[in-house]
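Thanks for coming. I'll take a few minutes to go through this one, and you can follow along on the screen.

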Amino acid sequence: MNAKIKYTNEPLGDVKVIADFLPSPAELAFNEEGVKVTLALSKKSVEFFKAEAAKNNTQYQRMIRRLLDAYVESHSS
């Protein structure tokens, strides 16, 4: 990784601008009222979220909840 980066002033080609999809820090800190549900998930999914949560020092349930919230937000009219 010690190789020097060689910059050039060439055209980038077809560039697409995408809308900002990341939530603001205020939105991440906001806690909505929760509703308890019983949900059966595949073992594979739960193991994935537990491993990712451990890597990111958070709770796996919180990651699943935020994923579902982001899905709902992106598909709501």
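Helix 2 and helix 3, the latter covering residues 60-75, pack with their axes 8 Å apart, at an angle of about 110°. Angles of 65 to 115 degrees count as roughly perpendicular, so helix 2 is roughly perpendicular to helix 3. This is a predicted model, so please keep that in mind throughout.

Which residues meet there? From helix 2 they are Val 46, Phe 49, Lys 50, Glu 52 and Ala 53, and from helix 3 they are Tyr 60, Met 63, Ile 64 and Leu 67.

Now the loop between helix 2 and helix 3, where Asn 57 lies. Phi of Asn 57 is near 50°, a positive value, and the residue is not a glycine. In general, most residues other than glycine have a negative phi. Is Asn 57 buried or exposed? Its relative accessibility is 74%, so Asn 57 counts as exposed.

Next, the other loop, between helix 1 (25-29) and helix 2 (43-55), which holds Val 37. Val 37 has 65% relative accessibility and therefore counts as exposed. Together with Val 35, Leu 39 and Leu 41, Val 37 forms a nonpolar patch on the surface, and the four have about 430 Å² of accessible area together.

Finally, the protein as a whole. It has three helices and zero strands, giving the pattern α-α-α along the sequence. Of its 77 residues, 4% are buried. The accessible surface comes to about 8300 Å², and carbon and sulfur atoms account for 56% of that.

Definitions and conventions:
Residues are numbered from 1 along each chain as its sequence is written. This is a predicted model: local features need pLDDT of at least 70, side-chain atom pairs count only at pLDDT 80 or more; totals for chains, interfaces and linings use all residues. Side-chain values use heavy atoms; hydrogens and water are left out. Patches are made of residues with over 30% relative accessible area and no salt bridge: like charges are joined within 9 Å, nonpolar side chains (Val, Leu, Ile, Met, Phe, Trp, Tyr) within 5 Å. Accessible areas come from the Shrake-Rupley method with a 1.4 Å probe; for residues, only the protein chains shown count as cover. A salt bridge is a side-chain nitrogen of Lys or Arg within 4 Å of a carboxyl oxygen of Asp or Glu. Helices (H or I, at least four residues) and strands (E, at least two) are DSSP runs, numbered from the N terminus. Buried means under 20% relative accessible area, exposed over 50%, partly exposed in between (1.4 Å probe, protein chains only). Axes are lines fitted to C-alpha atoms, for helices over the stretch in contact, and angles run from 0 to 180 degrees between N-to-C directions. Angles under 35 degrees count as roughly parallel, over 145 as roughly antiparallel, 65 to 115 as roughly perpendicular and the rest as oblique. Contact means heavy atoms within 4.5 Å.
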